[in-house]
Amino acid sequence: YKEMAWLAAARISTGWPDGTYRPLEPVNRDAMAAFIYRLAAFWPRRSYTGKGNHTFLLPRLGVRYWVATLEHTPTPGVNFEAWTVNSGKVAIGPIGGHWGGYSGTVGVTTSGPGGKSVAGLKLVAGNDWRVTLQGAEAMPSVPASGTHEGAGDAVVRVDAVRGRSVRLSFPGSGAFTVLVMDAAGTWLQMPVEQRGPYSGTYTVPWNAFTFEIIGDGRWTISS
């Protein structure tokens with residue numbers, strides 16, 4: 001049972017149209033291919049390390065919606081920026097960064113600003129950095145009933161609370177922005193763009209898959 005529950009929670013198996021999973025039914029080749037395709041988002045995790053400026057292309061796997069955890073060694077007065085790039089390694093748009101040290105998780109979708117095709121990342125760094133890539137399916141989820149707590153920039157799955165109202169809370173004095181994305185990493189809505197404390201409810205669209213959160217401090221999502 002726990003194995004089937006994990007496949008369902010991870011969206012590797014989407015089940016039958018009636019919502020059941022029927023573990024004793026035979027599996028066709030097309031369904032097994034779909035399982036392997038979705039599993040590519042979890043394994044293997046891709047990690048890159050370096051120092052200073054660097055540009056690299058994303059792995060060519062069956063992942064529509066990459067998520068990058070970015071880390072930069074704290075260095076006073078030194079900037080860190082991450083940009084998406086096209087296949088020619090030309091910058092498209094910024095996705096994260098900070099003066100000094102930085103640690104956060106951001107979405108890297110295949111379509112950037114203006115519909116431009118994203119193929120990789122460009123780092124502008126003054127010190128050591130690490131980039132860890134995973135598919136969005138591997139991100140933590142807001143529970144169907146309960147609270148998910150986090151801090152800073154993060155990507156959180158919301159497929160367990162589609163069509164339901166959640167409460168977004170941010171007690172800090174800095175910036176707090178929430179972007180709603182679908183399973184392909186396409187931008188749907190921006191329900192929150194706030195500086196200073198925030199608390200409010202939001203009904204999650206049925207086609208939503210993640211919240212991409214940009215936050216200067218701790219935040220919670222309660223269902």
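## Salt bridges

A salt bridge here is a side-chain nitrogen of Lys or Arg within 4 Å of a carboxyl oxygen of Asp or Glu. The model is predicted, so local features need pLDDT of at least 70 and side-chain atom pairs count only at pLDDT 80 or more, while totals for chains, interfaces and linings use all residues. Residues are numbered from 1 along each chain as its sequence is written, and side-chain values use heavy atoms, with hydrogens and water left out.

The whole structure holds three salt bridges. Asp159 and Arg157 pair through their side chains at 2.7 Å, N to O. Asp159 is buried (under 20% relative accessible area, with exposed over 50% and partly exposed in between; 1.4 Å probe, protein chains only), its value being 15%. Arg157 is also buried, at 2%. Asp18 bridges to Arg22, with the closest N and O atoms 3.0 Å apart; Arg22 is partly exposed at 35%.

Arg218 and Glu149 form a salt bridge at 4.0 Å, N to O. Arg218 lies in strand β16 (residues 218-222) and Glu149 in strand β9, so this pair ties together parts that are 69 residues apart in sequence. Strands (E, at least two residues) and helices (H or I, at least four) are DSSP runs, numbered from the N terminus. Arg218 and Glu149 are both exposed.

## His148

Strand β9 (residues 147-151) also contains His148, which is buried at 14% relative accessibility. Beyond its neighbours within four places in sequence, the contacts of His148 (heavy atoms within 4.5 Å) are Pro140, Ser141, Val142, Pro143, Val156, Trp219, Thr220 and Ile221.

## Largest pocket

A pocket is an open set of points on a 1 Å grid over the protein atoms alone, where a 1.4 Å probe fits, with protein on both sides within 12 Å along at least five of seven lines; lining residues have an atom within 4 Å of a point. The largest pocket has about 720 Å³ of space, the volume being that filled by probe spheres set on points joined across faces, edges and corners.

Its lining has 37 residues, with Pro94, Ile95, Gly96, Glu212 and Ile214 nearest the centre. β6 contributes the most, eight residues. The lining comprises 16 nonpolar, 17 polar and four charged residues. Nonpolar covers Ala, Val, Leu, Ile, Met, Phe, Trp, Tyr, Cys and Pro; charged covers Asp, Glu, Lys and Arg; the others, Gly among them, are polar.

## Second largest pocket

The second largest pocket has a volume of about 390 Å³. Among its 18 lining residues, Ser13, Trp16, Val27, Ala31 and Phe35 are closest to the centre. Helix α2 (29-39) supplies the largest share of this lining, five residues.
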